[in-house]
Amino acid sequence: MTARLKLGLIAAAMTGFLVFMLVSHETARATGTEIEMSVEGYDPRDIFLGHYAEIRTPLSRIDLASVEGDDTFEPYQRVFVTLEIGADGLARPVAVHRAHPGSGLVAEGRVSWVDEALVTRFNIERYYADRDEALALQARLRGGIDGEFAAPVRVILSLTGSGRLMIKGFEIDGERRIDRLW
C-alpha cells in the first residue's frame with residue numbers, strides 16, 4: 001500500500017467520523033422532545049473560546065426542599081431531574097434522583113456542588129455564537145436593549161430519550177430562532 005493511499009484512507013476515515021458525529025447530533029436534536037425553559041445569564045468573552053453566552057436555567061440551581069426525590073448528593077455524581085411542563089409552557093424541575101426514575105421527562109446531568117441547593121451542569125450552560133449574535137443575546141439576557149426593558153428570553157432545548165439536553169435555539173420577543181447546523 002502506498003503512502004498516498006494510506007493518507008487517503010486516513011482522511012476518508014476522519015471525514016466519515018466527523019460526518020457521523022454531525023448527523024448523530026442533528027438527529028438527536030430533531031427527534032428529541034422539545035422543551036422550553038426560562039433563561040438568564042451574561043456574556044463573557046474568552047480569547048481562546050470566542051464569544052459565548054453563559055446561561056442559567058432552572059436546572060442550574062435546584063432547591064432540594066422544593067422538589068421531590070433524593071436529597072443527598074456528592075459533587076460530580078450523576079443526577080436525574082424529572083421535568084414538568086407548566087401552564088406557561090416552560091419546563092421546571094419537580095424531582096431529583098440519583099438513579100433514573102424510569103418514566104417522564106428526565107434530564108441527566110452532573111452535580112457541581114451542594115450547599116443549600118443542588119448546583120448542576122447539563123452541558124447547556126454555554127451558547128457559542130458569532131460576535132454580533134452573542135452581544136445581542138447578552139443584552140437580552142441582561143434585561144435591556146438601549147436602556148429599555150427587554151422581553152423575556154426562553155431557551156429551546158431538545159431532550160433525548162437518554163436524558164441528554166441540547167440547545168436548539170432561543171425564543172426572543174415571541175419569535176423562535178432555531179439554530180441550523182447547515
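Analyst: Start with a term. A polar contact is a pair of N or O atoms within 3.5 Å; within protein, one must be able to donate a hydrogen and the other to accept it. The model here is predicted.

User: What makes the link between the side chains of glutamate 108 and arginine 78 a polar contact?

Analyst: The contact joining these two side chains is 3.3 Å. The cut-off is 3.5 Å, so the pair qualifies.

User: Where is glutamate 108, and which residues does glutamate 108 touch?

Analyst: Glutamate 108 sits in strand β9, residues 105-114. Leaving out residues up to four places away in sequence, glutamate 108 touches Arg78, Val79, Phe80, Phe122, Ser162 and Gly163.

User: Why is glutamate 108 called partly exposed?

Analyst: Its relative accessible area is 26%. Buried means under 20% and exposed means over 50%. The value of 26% falls in between, so glutamate 108 is partly exposed.

User: How do you know that glutamate 54 and arginine 126 form a salt bridge?

Analyst: A salt bridge needs a side-chain nitrogen of Lys or Arg within 4 Å of a carboxyl oxygen of Asp or Glu. In this pair, the closest N and O atoms are 3.3 Å apart. The bridge links distant parts of the chain: glutamate 54 is in strand β4 and arginine 126 in strand β11, 72 residues apart.

User: Are these two partners, glutamate 54 and arginine 126, buried or partly exposed?

Analyst: Glutamate 54 has a relative accessible area of 14%. That is under 20%, so glutamate 54 is buried. Arginine 126 has 34%. That lies between 20% and 50%, so arginine 126 is partly exposed.

User: What makes the pair of arginine 98 and aspartate 70 a salt bridge?

Analyst: Their N to O distance is 3.9 Å. The limit is 4 Å, so the pair counts. Arginine 98 lies in the loop between β8 and β9, and aspartate 70 in the loop between β6 and β7, so the bridge ties together parts 28 residues apart in sequence. Arginine 98 is partly exposed at 37%, and aspartate 70 is partly exposed at 24%.

User: How do you know that aspartate 88 and arginine 92 meet in a salt bridge?

Analyst: The N to O distance is 2.5 Å. That is within 4 Å, so the test is passed. In the whole structure, 13 salt bridges are found. Some salt bridges join up: Glu34, Glu36, Arg154, Lys168 and Arg176 are linked in a network.

User: What makes Phe17, Leu18, Phe20 and Met21 a patch?

Analyst: Patch residues need over 30% relative accessible area and no salt bridge, and nonpolar side chains are joined within 5 Å. These four form a nonpolar patch on the surface, with about 450 Å² of accessible area together. One of them, phenylalanine 17, is in helix α1, residues 3-31.

User: What makes a group of residues a nonpolar core, and which residues have the most contacts inside the largest one?

Analyst: The members must be buried, of nonpolar kinds such as Leu, Val and Phe, and joined through side-chain atoms within 4.5 Å. The largest core has 33 residues, and Leu83, Val96, Leu165 and Phe170 have the most contacts inside it. Elements supplying at least two residues each include β1, β4, β9 and α2. Beyond its neighbours within four places in sequence, leucine 165 contacts residues including Ile35, Leu59, Ala107 and Phe122.

Terms used. Residues are numbered from 1 along each chain as its sequence is written. This is a predicted model: local features need pLDDT of at least 70, side-chain atom pairs count only at pLDDT 80 or more; totals for chains, interfaces and linings use all residues. Side-chain values use heavy atoms; hydrogens and water are left out. Patches are made of residues with over 30% relative accessible area and no salt bridge: like charges are joined within 9 Å, nonpolar side chains (Val, Leu, Ile, Met, Phe, Trp, Tyr) within 5 Å. Accessible areas come from the Shrake-Rupley method with a 1.4 Å probe; for residues, only the protein chains shown count as cover. Helices (H or I, at least four residues) and strands (E, at least two) are DSSP runs, numbered from the N terminus. Buried means under 20% relative accessible area, exposed over 50%, partly exposed in between (1.4 Å probe, protein chains only). Contact means heavy atoms within 4.5 Å.
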